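Reader: Please show me the structure. Then I will ask some questions about it.

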There are 2 protein chains.
Amino acid sequence: MAGGTTTIYDLARATGLSPSTVSRALRGIGDISPGTVARVRESAARLRYRPNVVARSLALRASDSFALMLPDIANPFFPALVKAVQLRARHHGKTVLLCNTEGVPAAEAEYLEMLASRQIQGVVVMGLAITADEIRRRVGSGMKIVALDRAAAGASAASVQADHRAGGWMATDHLLRLGHRAIAHISGPAQLSVTTERWEGYRDRMRQSRIDPGPPARGDFTESSGHQAAQELIHSGRHFTAIFCANDLMALGAISALRSAGLGVPAQISVLGFDDIELGRYAVPALTTIRQPLEDLARVAVDLLVGLLRGEEAPAPKRLAVELVVRESTAAPPRAVAGQAATLASSGIAPRGGEDVRSREDF
Amino acid sequence: MAGGTTTIYDLARATGLSPSTVSRALRGIGDISPGTVARVRESAARLRYRPNVVARSLALRASDSFALMLPDIANPFFPALVKAVQLRARHHGKTVLLCNTEGVPAAEAEYLEMLASRQIQGVVVMGLAITADEIRRRVGSGMKIVALDRAAAGASAASVQADHRAGGWMATDHLLRLGHRAIAHISGPAQLSVTTERWEGYRDRMRQSRIDPGPPARGDFTESSGHQAAQELIHSGRHFTAIFCANDLMALGAISALRSAGLGVPAQISVLGFDDIELGRYAVPALTTIRQPLEDLARVAVDLLVGLLRGEEAPAPKRLAVELVVRESTAAPPRAVAGQAATLASSGIAPRGGEDVRSREDF
DNA sequence: TTGTATGCGTTATCAC
DNA sequence: GTGATAACGCATACAA
């Protein structure tokens, strides 16, 4: 045990066996007698043997970890997902390397080089700027890719996504059923597929009720962008009694802006988010939202990746159902001033009426 | 270039040099002629050579990454810190492995084994259950440890912390200056040093004004625990006009509970947090809080660790200053009902008066 | 300034 | 069932 660390050579010496037998006994593969296995295990425990993962990776030309690339861990949706992914990864005996790209393509490319350097052959990507095909072009076809909550840009990648379009549809439907007609939408970054899909769901449901959806206000999924978008909406003079925000964080920002402008939520304006982050539950008012199945997404993504790593074929893209969670930020539109509830002029005390209305899914 | 990857042997063949010369040229160490360096670099670029970090780690018996262990990445304070740490790590050419312990000692131990297996010899720990000495006992003295925002439990570890005690003091001082006398405290997990220190700052400042601080309500730094603690405070019938919460997340939870109970913030009850998480800025009301110098903490911690890894001695524990950030969740206590503002009986409309008061630091 | 030989700890391919 | 032996790709002591 040179230098304090025990190796299989030490175990070989201790047991009177050969290194290769020790190696096999430790991993329980090949034909080894139960007795030897026991002996090896015993002295491994006694000598506090710890396998050297680095040496193993070198010999195997493969690592036991994979990467998780995401644009911004500061968005509360992602930490929860990271947790879920790590949990599932451990279930497979894998560790995950977190790569924060900040949405900048250069960082993405740099990370990919890094992964290749480390013999890492699998990556779960979320909201990336570059496509799976570009990834392959950069680091070779050995890299297994699973797109999480994002259209598989490039035919060959496996992917799981929540059904964002259905989510947009359900959100809008909920507001329409409450009686809203003037529903604004604050969307996310234009290039992201989730942005488009949530918007399409909204648009389709609006059109179904013969209402012109109008152009979305543009945000970037941060709280401050939601705040700002809502402010612009207010000052534009555009009429609306509800806002469907493309994620919870922007919804929180929007609520903040509305209240600062003297507009009650949900008394005057209803606000609906997307994701169902923990924070939304404790916000005041508690956020009505579309829940993404976080654990399921993580589980499916990791399992998919592990499958690819084992050499399995990429299955067809998977879609997971979302769910409407009705809380307190949505209510019926105000009765009296229902023509201009959202203009700055009407920022006094709201007429009661919306507060206690709770909606149910009943279709 | 066997199997698609280029090695230094390939470069040696391409340049007519030996592998060791190539190795040195690539790293720019030893005495090598400028000409050979250029030649090596050129063919490295042409053959798309990528150093195999795994092989290097094996040869060096050391990894180029370090670990960041923290209890719960779902707490918004941590993602921001993770970002800052990763940023600084890249500045040193290091990558960081994120270890989420969920506060369970078994997970901590398991992660430590994992680190040792990977030849990782440095770790930045936050809010861990086990001490630095226990870490050393487990994985040997080779592990370099930097405690971040936590007392260096065990003499030998380096550490950086914000000045939590001063923070507790400043928070309480701010409330006292606004005119509050009955100030409750919702604290964190008892075994954490930051919990104790923040509480001590609160206690000292209270005593300085000859007010009995009373026992703190106990939370665990989650929003829901803040919510619950505030509820219990309300139902206890105990009198208070302000709450100093040991972190922002609990403050947000407390505000939620207060409002649900019909208590206005800050009109009836002032609430003050700790950390200055992004969310607090956009909450309604915007959270008054004690700001921790996130980037500085991360920078100092990483630099400290890199120093230790280079064989430098652990310097004395470092303390970084915190800062009071006054926003909207604190105001003067209500005038009229100043005797029982916090009981459920008085949950009607609050007397005005607190709303527009803005405090300044003026000492 | 450059080359040779060896080791890092493991796995895999053979042979016994 | 078990044991030699040769990779894996890089770094380094030593020799030239």
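**Protein chains and DNA strands**

Author: Start with DNA strand C: of its atoms within 4 Å of the protein, 66% belong to sugar or phosphate, and the rest belong to bases. This is a predicted model, in which local features need pLDDT of at least 70, side-chain atom pairs count only at pLDDT 80 or more, and totals for chains, interfaces and linings use all residues. Residues are numbered from 1 along each chain as its sequence is written, chains are lettered from A and ligands numbered from 1 in the order in which they are written, and side-chain values use heavy atoms, with hydrogens and water left out.

Reader: How many residues surround DNA strand C?
Author: A residue is near a strand if one of its heavy atoms lies within 4 Å of it. The closest to DNA strand C include A:Tyr49 and B:Ser20.

Reader: Which residue has a side-chain N or O atom 2.9 Å from a base nitrogen of DNA strand C?
Author: A polar contact is a pair of N or O atoms within 3.5 Å (within protein, one must be able to donate a hydrogen and the other to accept it, and residues adjacent in sequence count only if both atoms are side-chain atoms). A:Ser23 puts a polar side-chain atom 2.6 Å from a phosphate oxygen of DNA strand C. The base nitrogen is approached by B:Arg24.

Reader: How many charged residues does the surface near DNA strand C have?
Author: Asp, Glu, Lys and Arg count as charged; Ala, Val, Leu, Ile, Met, Phe, Trp, Tyr, Cys and Pro as nonpolar; the others, Gly among them, as polar. This surface has 11 nonpolar and 11 polar residues. Its charged residues number seven.

Reader: What kind of axis relates the two copies, chains A and B?
Author: Copies are superposed by least squares on the C-alpha atoms of residues with pLDDT of at least 70 in both. Chain B can be laid on chain A with an RMSD of 0.2 Å, by a turn of 180° and a shift of 0.1 Å along the axis. The copies are therefore related as by a two-fold rotation axis.
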